[in-house]
Amino acid sequence: MRPAAVFTGLAGMAVVSGLLIAAEARLRGGTGGEDMITVEAPATETAAEPAPEAAGPSATISDADAEIIARGAQPAAPSPAPAEGTTVTPADPPRPAETPGRQAAEPAAKKPIELARPVAANAGLLTFGERRLQLAGIIPTPADRICGPAGRQWPCGMMAKTALRQLLRNRSLTCDLDMAEWKEMATAACRLGTQDLGTWLAENGWAEAEAGSPLGAVAEKAKQAQKGIYGGDPRRK
């Protein structure tokens, strides 16, 4: 019994010693772990520093990459050609379109048209039914115009109208008009044979010439010669 007790006591001491050694190892291991953490912390921070460097290359583009991106952003080489074609092609069609427009804006050329049975409304204004035609280059003399000084006045307007009617005698005229049919009033040069009616009225002083009319010089000569409305009552002569 005694050896067994000794063995048990030794075994118990061995267990206690093992526990003490294990406890001491733990304490040392914990201290060592703190030392490792303290020592390795800078290494960890140093290892973490390359992270920004890794981000740096992703934000920086090389020249080759920049050139590729620039080429992709630029329009394709063939695109300017259609743009120029689009600009030039519409420019050509308006040219033929302008020509008809200009021709339409120009007045139609007048042509000699024969008019039958003219009636003198006054010295310078003719009627053809409901249509009226004023002789070009003169100012028609109203049929009710009175000429001459007080005491010697005379119906020069009616005399001028009568003189034109005697010249016409209901014969056909040739007038320069845009068309044979017109509405209301028209203005044109008319001839009886080869005699221009406006010139005849101005030469004989039966009508005044319009401002700027080529008949101005003719009318002035008639005025100086006291013909027609510029003279006295022809019935007294």
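Reply: Two strands pair if DSSP finds at least two bridges between them. That is the sense of "bridge" used here, and the model is a predicted one.

Start with strand β6, residues 173–177. Side chains in a regular strand alternate between the two faces of the sheet. In β6, Leu173, Cys175 and Leu177 make up the covered face. Thr174 and Asp176 make up the uncovered one.

Now the partners. Strand β1, residues 111–115, pairs with β6 over five bridges, in the antiparallel sense. Across from Thr174 of β6 stands Glu114. Strand β8, residues 190–192, also runs antiparallel to β6, and two bridges join them. There, Cys175 has Cys190 of β8 as its bridge partner.

Next, the loop between β6 and β7, where β7 is residues 185–188. This loop holds Trp182. One aromatic pair turns up in a search of the whole structure. The pair is Phe128 with Trp182: their ring centres are 6.2 Å apart and their planes stand at 80°, so the pair is edge-to-face. The cut-off for that label is over 60 degrees. Phe128 lies in strand β3, residues 125–128, and the two residues are 54 apart, so the pair links distant parts of the chain.

Phe128 has 8% relative accessibility, so it counts as buried. Trp182 has 11%, so it counts as buried too.

One further contact involves Trp182. The charged end of Arg131 sits over the Trp182 ring, 4.3 Å from its centre.

Methods:
Residues are numbered from 1 along each chain as its sequence is written. This is a predicted model: local features need pLDDT of at least 70, side-chain atom pairs count only at pLDDT 80 or more; totals for chains, interfaces and linings use all residues. Side-chain values use heavy atoms; hydrogens and water are left out. Buried means under 20% relative accessible area, exposed over 50%, partly exposed in between (1.4 Å probe, protein chains only). Helices (H or I, at least four residues) and strands (E, at least two) are DSSP runs, numbered from the N terminus. Rings of Phe, Tyr and Trp (its six-membered ring) pair if their centres lie within 6.5 Å; planes under 30 degrees apart count as stacked, over 60 as edge-to-face and the rest as tilted. A charge sits over a ring if NZ of Lys or CZ of Arg is within 6 Å of the ring centre and within 35 degrees of the ring normal.
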